[in-house]
Amino acid sequence: SGTILYEPDGSGAMSIVDGQQRMTTVTLMLAALRNHLRSHPEHAREGLDAETVDSTYLTVANAEDAGEAAGADVIGQLRPKLALSRLDEASMAKAVAGASPDGIPSHNISHNLAYFQSLMDQDGFDSALFWRGLQNLNVVMAQMGPEDDAQAVFESLNSKGLKLNIGDMVRNYLLASESHDEQARLYVEYWTVIEGVFDPDPGSLKLDTMIKA
């Protein structure tokens, strides 16, 4: 269970302000389940098969220019429902397209996808029971209004959760006063470049050290 804080981006999609990790984790679980059902079609049930999981929860019809940014993989006429930041966008697209973990550049995405797949490959895995568990997830969807202070709401929601790293706080502070479009531009053109200098950087340890230096 948890909260997804989002704001419309003007194109019919949602820009997630808080809840990216929850969305990424569930998406990787679904990708692993889809892969498992493809490899073990005998585990499919009515309403639960690889193509249903793929078309309902992982992919969406591709817009005319979708997938061009950051080399994101386009899956025929489909694209991933969840698009991550520039550094991880192509890796998530590969995971949704069905790539093996070894073929995914992002260590975090490949490692977690491999972990979920390893659990599902164990003897006794019950796909129907796992599916019922996913359906019992409770999510609160909270939409930001045009006058809302995204940074203030974000910090309030995270005050009792995982402590933000220094990089997160600096980035959010610098972008908080900008419009959604300007935040997206600054993030892509500047912040992802800064993050990329330290990649791989689990937990943002290298970036945090640089900021404190």
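**Entry 1: a buried pair**

I looked up R34 and D54 in this predicted model and found that both are buried. Their side chains meet in a salt bridge, with 2.5 Å from N to O. R34 sits in helix α1 and D54 in helix α2, 20 residues apart, so I noted that the pair links distant parts of the chain. In general, side chains of opposite charge can pair when their charged atoms come close.

I then checked how far D54 is covered. Its relative accessibility is 8%, and buried means under 20%, so D54 counts as buried. Leaving out residues up to four places away in sequence, I listed what D54 touches: R34, R38, T59, L78 and V96.

**Entry 2: the other salt bridge**

How many salt bridges does the structure hold? I counted two. Besides R34 and D54, the side chains of R38 and E51 meet, at 3.5 Å from N to O. This pair also links helix α1, which holds R38, to helix α2, which holds E51, and the two residues are 13 apart.

Are R38 and E51 buried or partly exposed? R38 has a relative accessible area of 40%, so it is partly exposed. E51 is at 46% relative accessibility and therefore counts as partly exposed too.

**Entry 3: the nonpolar cores**

I turned to the largest nonpolar core, which has 25 residues. The members that touch the most other members are L28, L33, V53, M92, I109, L113 and W131. Helices α1 (20-39), α2 (50-58), α3 (86-97), α4 (107-120) and α5 (127-135) each supply at least two residues. Which helix gives the most to this core? I found that α1 does, with seven residues.

Setting aside its neighbours within four places in sequence, V53 is in contact with L30, L33, R34, L37, L48, L58 and W131. R34 is on that list, and R34 is also the salt-bridge partner of D54.

In soluble globular proteins, nonpolar side chains tend to be buried together.

**Entry 4: strands and a surface patch**

Strand β1 (residues 2-8) is mostly covered, as five of its seven residues are buried. It is joined to β5 by five bridges, and the two run parallel; I4 has M141 as its bridge partner there. Four bridges join β1 to strand β2 (residues 14-18), and these run antiparallel. In β2, I16 is the bridge partner of Y6.

Last, I noted a nonpolar patch on the surface, formed by M14, L137, V139 and M141. Together they have about 360 Å² of accessible area. V139 lies in strand β5 (residues 139-143).

Key:
Residues are numbered from 1 along each chain as its sequence is written. This is a predicted model: local features need pLDDT of at least 70, side-chain atom pairs count only at pLDDT 80 or more; totals for chains, interfaces and linings use all residues. Side-chain values use heavy atoms; hydrogens and water are left out. A nonpolar core is a set of buried Ala, Val, Leu, Ile, Met, Phe, Trp, Tyr and Cys residues joined through side-chain atoms within 4.5 Å. Buried means under 20% relative accessible area, exposed over 50%, partly exposed in between (1.4 Å probe, protein chains only). Contact means heavy atoms within 4.5 Å. Patches are made of residues with over 30% relative accessible area and no salt bridge: like charges are joined within 9 Å, nonpolar side chains (Val, Leu, Ile, Met, Phe, Trp, Tyr) within 5 Å. Accessible areas come from the Shrake-Rupley method with a 1.4 Å probe; for residues, only the protein chains shown count as cover. A salt bridge is a side-chain nitrogen of Lys or Arg within 4 Å of a carboxyl oxygen of Asp or Glu. Two strands pair if DSSP finds at least two bridges between them.
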